[in-house]
Amino acid sequence: GGIIVNVIVGILIYSFVLMAYGEKYLPVSELKDGIWCTNEAVTERIGLQTGDKIININGEPTSTFMDMQEDIFTAQSLEVNRNGEIVKLNVPIDLIETLIDNRGAPMILPRIPFTVGGIKDQGYAAATTDLKLKDQIVGVNETPIAYYDQFKKVAQQYANKAVVLKVKREGQLVDVPLTIPDSAIIGVSPYPYSISELEKAGIYQRETKTYSFFAAFPAGLKK
């Protein structure tokens, strides 16, 4: 009895919160530079690539990023805009099994800036530089870096070479010399942005869905 009552109370509380404040969501239209494939073992089976803009799932457009993440699991096909070309992808019927076998990371996420979230201490190039936590790497030599996922490909082009990282620090642009190793791994992990932090940084803009008295309760039950 107690468990059931707690569940019902939880649904009611969440429903009233939805009615009072609405629900924030990230529109798909905000992903202007496409998605970030964070679990490549899964996305490679579909044929998705970082930077793809998902247009349709089973022939239907998806309005929110959360819906997009959920709908892919039961989809048969996707249509993506890849560098201006429309590409149709077929989703394997055992995609969920692949995800279970490779559940270390979400399948896709919004792309994030390369802001330093951690620096490994020993044996990595970054440990001997002036890089600091919260620095944002915005370029390598004259090559601009808008997102974290772009860095590895750029770094591979400069393997075993001395470069200058262009870093944004407290509103100022700072040069940080560094030699990129053959592995192209410099020993920096990205800052784990939340959606609200990305919004505050001006990267994405969320919208709010409002609920009427009668619509809030079914939505609260679903959540």
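This is a predicted model: local features need pLDDT of at least 70, side-chain atom pairs count only at pLDDT 80 or more; totals for chains, interfaces and linings use all residues.
Biologist: How many strands does the protein chain have?

Modeller: Helices (H or I, at least four residues) and strands (E, at least two) are DSSP runs, numbered from the N terminus. The protein chain has seven helices, and its strands number 14.

Biologist: Is T98 buried or exposed?

Modeller: T98 lies in helix α4, residues 95-101. Buried means under 20% relative accessible area, exposed over 50%, and partly exposed in between (1.4 Å probe, protein chains only). T98 has 11% relative accessibility, so it counts as buried.

Biologist: Which side chain makes a polar contact with the side chain of T98?

Modeller: A polar contact is a pair of N or O atoms within 3.5 Å; within protein, one must be able to donate a hydrogen and the other to accept it, and residues adjacent in sequence count only if both atoms are side-chain atoms. For the T98 side chain, the distance is 2.9 Å. The partner is R45.

Biologist: How many residues does the largest nonpolar core have?

Modeller: A nonpolar core is a set of buried Ala, Val, Leu, Ile, Met, Phe, Trp, Tyr and Cys residues joined through side-chain atoms within 4.5 Å. I46, L48, I54, M68, I72, L78 and I108 have the most contacts inside the largest one. Its residue count is 28.

Biologist: How many residues are in the other core, the one with V116 and L131?

Modeller: That core lies apart from the largest one. V140 and V154 are also among its members. Its residue count is 21.

Biologist: Which strand forms a hairpin with β11?

Modeller: Two strands pair if DSSP finds at least two bridges between them. β11 (residues 161-169) is joined to β9 (residues 136-140) by four bridges, running antiparallel. The hairpin of β11 has two residues between its strands, and E170 in the turn has a positive phi of about 50°. Its partner there, antiparallel over nine bridges, is β12.

Methods:
Residues are numbered from 1 along each chain as its sequence is written. Side-chain values use heavy atoms; hydrogens and water are left out.
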